[in-house]
Every structure is written in structure tokens, then in C-alpha cells.
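Visitor: I would like to go through this model with a few questions. Please show it before we start.

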Amino acid sequence: IESKLPNVGTTIFTVMSQLATEHNAVNLGQGFPDFNPDERLINLTTEAMKNGYNQYPPMAGIAPLRQAISKKIFDLYQHRYSTDTEITVTAGATEALMISIQALVKPGDEVIVIEPMYDLYVPAIELAGGRPVLVQMTVPKTPEESYRIDWNKVENALTEKTRLLILNTPHNPTGMTLNANDLNALENLLERYPFYVLSDEVYEHIVFENKPHLGMSSRPNLANRSVVVSSFGKTYHITGWKIGYCVAPLDLMKEIRKVHQFTVFTVTSPMQVALAKYADDKATFNGLASFYQEKRDYLEKGLASTKFVPYKSHSTFFLLANYKNLSSEPESTFAKKLTVENGVTVIPLSAFYMNPESKAANNHLVRFCFAKQRQTLDNALARLAVL
Ligand code: PMP
Ligand code: GLN
């Protein structure tokens, strides 16, 4: 049949995890923790099942979970979203992103996406009949610096057809976070142009060096024009539960719910009941950034004693590392070989580029996930040390 997505293959995360399994490699590729969530969260879920929460929950998510989300956002970022009309619980951030794009992008609309980017955004735009407009991030000159968004380039990409700007902060795969200057620049653009923002903030609780997360909910002028997406998967070590949410002003959320109700209708009941009780307590995510900062430091230091040159990651549970001292092969060739021949799986940075030129430009960078137990990181480092 004629494909609606001719340029899309199987997502890199599946490809690399399968390869890791086949070759018994230490999997630092796909982003997921190799440890269990808090026992209390598991117990709350089985308790909910035993208590009869096994049938369809309300379409937008159970009210206590939406209340917990509303309270958390208000406490942290001082923006109040209506529990009834402006919050929807979704099947992971993945569903939240997909339904937001399907609901808001019309055929012919342009959507600005910042590269490198998470691999879902462009196919989702294309399915909606929109046109992705890619804007390159400024690449750091040294491993200590961060990737940055060039707001002049964003402004130059805006046209009268621009419907949406997709942002991801904290950023996968570079670990970049938006700062106050970025938010100022964005506010300034929103004052002058009529587009909306879709902000993927799934790593909101994993920002290092005690820096605050500056998302769209932290300023009214941004919140009023944005859909903000987050995921319990990243926050509570439950990527396999596939529960996330989006928040947006009423007029946008009304459209998004139309798509949500016919995509999944609602998401798994006992997990929502458990999360409503669990997420109500700040202590459940307060220590997350320092928990992951320690792992980042450990992997960064370990890699620095190999031939890899690690880049400083400021957020998320990923870091980039340069392999130029080991090979001049393209990133995807190198990543596959590292799995097959050396037993360590990583993700090539090229997988986060869609623009053919950027994809082909070899930066010799791969992404490591450090959401792993010490033993797993040690096993990977031991295999890399001999290269
Ligand atoms: N956005 C980004 C930037 C991600 O890294 C991920 C998953 N790792 C997602 C969205 C999807 O989140 P979920 O697993 O909750 O669907
Ligand atoms: N977001 C995860 C990553 O970046 C993967 C999620 C997925 O496999 N779809 O590794």
C-alpha cells in the first residue's frame, strides 16, 4: 500500500534494544531505569485492583489524579490549571504529544521543531498533514558547554502558516534546559506572532546543580499559549506503565480531548488510583535530581577514563559522548558495532536528526542512558575501558 509515512522505519529505541538483547549487550541505549519503582507505589496499585478499580475510569483521568497534577503544578510553577477542563491523563507522554499534534495541526500548517529532537514529533506532524520546519540548535564548542536554541533562527522560520512550535526542556538527548533568557525570547515572539507551543517536559524533575525547571507553566504569558506534556514514567521509574498527562488552556484542551477519547478513551484504572495517592506528596520526586546527578557524575567520570569524551549533561538521564578517538565511522554504524562487537548499547545522535544534511553530518556523538544501577554502569564501563 501507499505509505502515509514513507520515511519512517522502526524507532531507533526498539532497534537498539532488540540488538542489545540479541548480543547480550549492556543496554545504555533506550531510556528506561533497570531498577524497580518504590514498593509503596506497587502496593498502592495492587490494593487498587483488589478494591475494585478495574473498569473504565473517566475519560480525562480520575479526578483525584488530575487534582494532584493541578496542585503539583501550582506549588512548583504557580500556574493554576482547572482540574475539570485543563488536565488530561494520557497513555504516556507519547499519547499526549500525538493527540496534541493531531488536534491542533491542520493540513498545510507549519510546525517548527528544534533539532536534534525526539523521534516522534516529525512523523506526528506529517500524519496530521502539517509541514515540519526544522531549526538547528547551536552546537557547543566544548564538551562543557550546552546546546542552545537560537531564537533568531526560530523567528526567521516563522511564517503566517506557523501553527505550533515544539519545545523539549529538559532536552533529550542533549541535556539542555531553557533558561530565563530563553523564556524572555519566547515571550517576545508570542507577543508578536500568533502560534502555540507544545512543550515536552517529561524530564521536569531531573535538572542538575539545584537549578529550577523553567517550563511553560512558570509564566502566565507562556502557559496561556502552551500545551505542556509530562510523564510519570520518568519521575517514578515506571516507563512501562505508560501514564503521562498534558495540561493546556481550556480552548486547546477541548480539542485535544476530542482526539484522546477516540484514541484510547482513558488509561489504566488501578495505576491512576495508585498515582493519585502517591503523587500527592512532593517527597516522591524531591530527591530525583540528586539521585540522577550522582549517576551522571559516575558515568561521566567513568567515560572520561576511556577513549570517549563525555559532554556535560545538565538534565535528563542521558549524556552525549564523543567517540572520535576510537573511530571515524558514522554514528549509527559505530553504535551498532559497539553493541555487536563490544557488548555496550548506545543511541547514535543522528537518530535525533531528520534533516538529511544534519543526519549525514557526522558529529561522532552517541547518547548514553545512566538510569541504571551502579553494577550495570560498571559492567558497561569495564567493556569500554579495553577499547
Ligand atoms: N518525550 C521525550 C523527550 C522522551 O524522552 C520520552 C520517552 N523517553 C517521551 C516523550 C515519551 O514518554 P512516555 O514514555 O511517557 O510515553
Ligand atoms: N524516550 C526514550 C528514549 O529516549 C525511549 C522511549 C521509547 O522507546 N519509545 O530513550
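Visitor: Which helix supplies the largest share of the shell around ligand 1?
Guide: This is a predicted model. Of the 13 residues around ligand 1, Gly92, Ala93, Thr94, Asn172 and Ser231 come nearest. The largest share of that shell, 3 residues, comes from one helix, residues 92-104, which is H4.

Visitor: How many charged residues does the shell around ligand 1 have?
Guide: The shell around ligand 1 contains 9 polar residues and 3 nonpolar ones. The number of charged residues is 1.

Visitor: What surrounds ligand 2, and how many polar residues are there by class?
Guide: Around ligand 2 lie Thr11, Phe13, Gln30, Gly31 and Asn172. By class, this shell has 1 nonpolar residue and no charged residues. The count of polar residues is 4.

Visitor: What separates the centres of domain 1 and domain 2?
Guide: Domain 1 is made of two segments, 12-30 and 287-385, while domain 2 covers 40-282. Taken over C-alpha atoms, the distance between their centres is 25 Å.

Visitor: Which element gives the largest share of the side of domain 1 that touches domain 2?
Guide: In the contact between the domains, 27 residues of domain 1 meet 24 residues of domain 2. Helix H13 (288-304), strand S9 (309-310) and strand S10 (318-322) each supply at least two residues on the domain 1 side. By class, that side has 17 nonpolar, 7 polar and 3 charged residues. The largest share, 5 residues, comes from H13.

Visitor: Which alanines does Val366 touch, leaving out residues up to four places away in sequence?
Guide: With residues up to four places away left out, Val366 touches Tyr323, Glu331, Phe334, Val346, Ile347, Pro348 and Leu349, among others.

Visitor: Which residue in S10 is the bridge partner of Val309?
Guide: S9 and S10 run antiparallel and are joined by 2 bridges. In S10, the bridge partner of Val309 is Asn322.

Notes. Residues numbered from 1 in each chain as written. Chains lettered and ligands numbered in written order. Predicted model: local features only at pLDDT ≥ 70, side-chain atom pairs only at ≥ 80, totals over all residues. Domains from an automatic or database assignment. Contact = placed C-beta atoms within 7 Å. Helix = DSSP H or I, 4+ residues; strand = E, 2+ residues; numbered from the N terminus. Nonpolar A, V, L, I, M, F, W, Y, C, P; charged D, E, K, R; others polar. Near = placed C-beta within 6 Å. Pairing = 2+ DSSP bridges.
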